Amino acid sequence: MGLSDVIAKELENARSICSEYGEGDPHCRAAWDAVEEVLAARSHQPTTPSSLEQHCAENPDAIECRVYDN
């Protein structure tokens, strides 16, 4: 089960719990806290560099990789 599947499951769970107990219920808030935890975990996952980032890592002197300070 990938992280996207876990997020979908937690979202479905939170919606279900909140429709059953109501938006102000502690069960509902806890369910949305679980969603936020999973989303935070996703934001800390390493990302795959773009093709330009890979190119610049291999060719830092290339024109398209120049960075100018203003």
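## Buried face of helix α1

The buried residues of α1 are I7, E10, A14, I17 and C18, where buried means under 20% relative accessible area, exposed means over 50%, and partly exposed lies in between (1.4 Å probe, protein chains only). Viewed along the axis of α1, these buried residues fall within an arc of 100 degrees, so they line one face of the helix. The arc is taken from the directions that run from the helix axis to the C-beta atoms. On the other side of α1, the exposed residues are S4, K9, E12, R15, S19 and E20.

This is a predicted model, in which local features need pLDDT of at least 70 and side-chain atom pairs count only at pLDDT 80 or more, while totals for chains, interfaces and linings use all residues. Residues are numbered from 1 along each chain as its sequence is written, and side-chain values use heavy atoms, with hydrogens and water left out.

Helices (H or I, at least four residues) and strands (E, at least two) are DSSP runs, numbered from the N terminus. Helix α1 covers residues 3-21, and at 1.5 Å a residue its 19 residues should span 27 Å; the end C-alpha atoms are 27 Å apart, which agrees. The expected span is 1.5 Å times one less than the number of residues in the helix.

The buried residues of α1 pack against α2 (26-43), with contact meaning heavy atoms within 4.5 Å. Just after α1, G22 has a positive phi of about 105 degrees.

C18 lies in helix α1 and C28 in helix α2, so the pair ties together parts that are 10 residues apart in sequence.

The torsion about the S-S bond of C18 and C28 is about 95 degrees, so this disulfide is right-handed. C18 counts as buried because its relative accessibility is 5%. C28 is also buried, at a relative accessible area of 1%.

## The disulfide of C56 and C65

C56 is joined to C65 by a disulfide, S to S 1.9 Å. About the S-S bond of C56 and C65 the torsion is about -90 degrees, so the disulfide is left-handed. C56 has 19% relative accessibility and therefore counts as buried. C65 is buried too, with a relative accessible area of 14%.

With bonded cysteines counted along the chain, the disulfides follow the pattern 1-2, 3-4.

Note on methods: Disulfide = S-S within 2.5 Å.
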